[in-house]
Amino acid sequence: AQLSDIANLSAQDQAVINESLRRFLMSPEGKKFRPEKAISREELAAAIVRSGRVPQFVAALPFYLDVRNLTARNAVESAQANPTGKLFFDANIGGLFRPNSPATKLVTAVALVKAANLENLAASSVLPLTIADAGSIPTEWRGYV
């Protein structure tokens with residue numbers, strides 16, 4: 001699809017965004033995509049790892065108290081050990097990751113921008129005036145949104 005909100009970016013940045021969107025496709029359940037369902041934080045981390053945007057990593061000891069099985073740990077710890085910084089800003093190592101909770105739109109936006117290595121672009125981006133609830137988005141994450 002043609003995305004009108006990236007039309008003013010350079011061709012290279014547009015290509016990076018479009019490739020990222022293609023790689024972050026969420027796997028369907030059988031023959032159904034189920035667009036109304038939320039994605040869990042663990043599923044989002046796994047999709048980012050599958051996209052090849054972050055190197056795979058598993059720590060010697062679990063990072064999070066609530067992520068114990070090896071498959072989940074691989075996805076979550078890979079996302080959080082990303083060389084340019086953790087993708088899920090609201091989870092601190094040694095605490096809870098909440099893998100089965102739904103990923104908020106804010107956490108998802110930040111994670112995808114970081115995984116696509118577009119933080120420099122996010123730092124200089126400004127929310128459009130048409131975003132009515134801009135005040136509810138923390139200042140440091142507005143460019144990511």
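**Aromatic pairs, salt bridges and a covered helix**

User: Starting with Phe63, is that residue buried or exposed?

Analyst: Phe63 is buried, with a relative accessible area of 14%, where buried means under 20% relative accessible area, exposed means over 50% and partly exposed lies in between, computed with a 1.4 Å probe on protein chains only. This is a predicted model, so local features need pLDDT of at least 70 and side-chain atom pairs count only at pLDDT 80 or more, while totals for chains, interfaces and linings use all residues. Residues are numbered from 1 along each chain as its sequence is written, and side-chain values use heavy atoms, with hydrogens and water left out.

User: OK, and how many aromatic pairs are there in the whole structure?

Analyst: The search of the whole structure finds six aromatic pairs. One of them joins Phe57 and Phe63 and is tilted, at 5.8 Å centre to centre with 45° between the planes. For these labels, rings of Phe, Tyr and Trp (its six-membered ring) pair if their centres lie within 6.5 Å, and planes under 30 degrees apart count as stacked, over 60 as edge-to-face and the rest as tilted. Phe57 is partly exposed, with a relative accessible area of 33%.

User: What about Trp141 and Tyr144, how are those rings arranged?

Analyst: Trp141 and Tyr144 pair edge-to-face, with 5.2 Å from centre to centre and 70° between the planes, and both residues are buried.

User: Back to Phe57 and Phe63, which aromatic cluster are they in?

Analyst: They belong to one aromatic cluster that is formed by Phe57, Phe63, Tyr64, Phe88 and Phe97.

User: And what sits over the ring of Phe97?

Analyst: The charged end of Arg41 does, 4.6 Å from the centre of that ring; the criterion is that NZ of Lys or CZ of Arg is within 6 Å of the ring centre and within 35 degrees of the ring normal.

User: Which residue meets Arg41 in a salt bridge?

Analyst: The side chain of Asp90 meets that of Arg41 in a salt bridge, at 3.0 Å from N to O. Because Asp90 lies in the loop between α3 (70-80) and α4 while Arg41 lies in helix α2, the pair ties together parts that are 49 residues apart in sequence. A salt bridge here is a side-chain nitrogen of Lys or Arg within 4 Å of a carboxyl oxygen of Asp or Glu. Arg41 counts as buried at 2% relative accessibility, whereas Asp90, at 28%, counts as partly exposed.

User: How many salt bridges in the structure, and what else is Asp90 bonded to?

Analyst: The structure holds three salt bridges. Asp90 also forms one with Arg98, whose closest N and O atoms are 3.0 Å apart, and in this way Arg41, Asp90 and Arg98 are linked in a network of salt bridges. Glu77 pairs with Arg73, with the closest N and O atoms 2.8 Å apart. Glu77 and Arg73 are four residues apart in helix α3, which means that about one helical turn separates them. Both are buried, Glu77 with a relative accessible area of 1% and Arg73 with 9%.

User: Why is α4 described as largely enclosed?

Analyst: Eight of the eleven residues of helix α4 (residues 105-115) are buried, so the helix is largely enclosed by the rest of the structure. Among the buried residues are Val107, Val110, Val113 and Lys114, and what covers the buried residues of α4 includes α2 (41-50) and α5 (119-124).

User: Last one, how many helices and strands in the chain?

Analyst: There are five helices and zero strands in the protein chain; helices (H or I, at least four residues) and strands (E, at least two) are DSSP runs, numbered from the N terminus. Buried residues make up 36% of the 145 residues in the chain. Of the contacts (heavy atoms within 4.5 Å) with a separation of 6 or more, 58% come from residues 24 or more positions apart.
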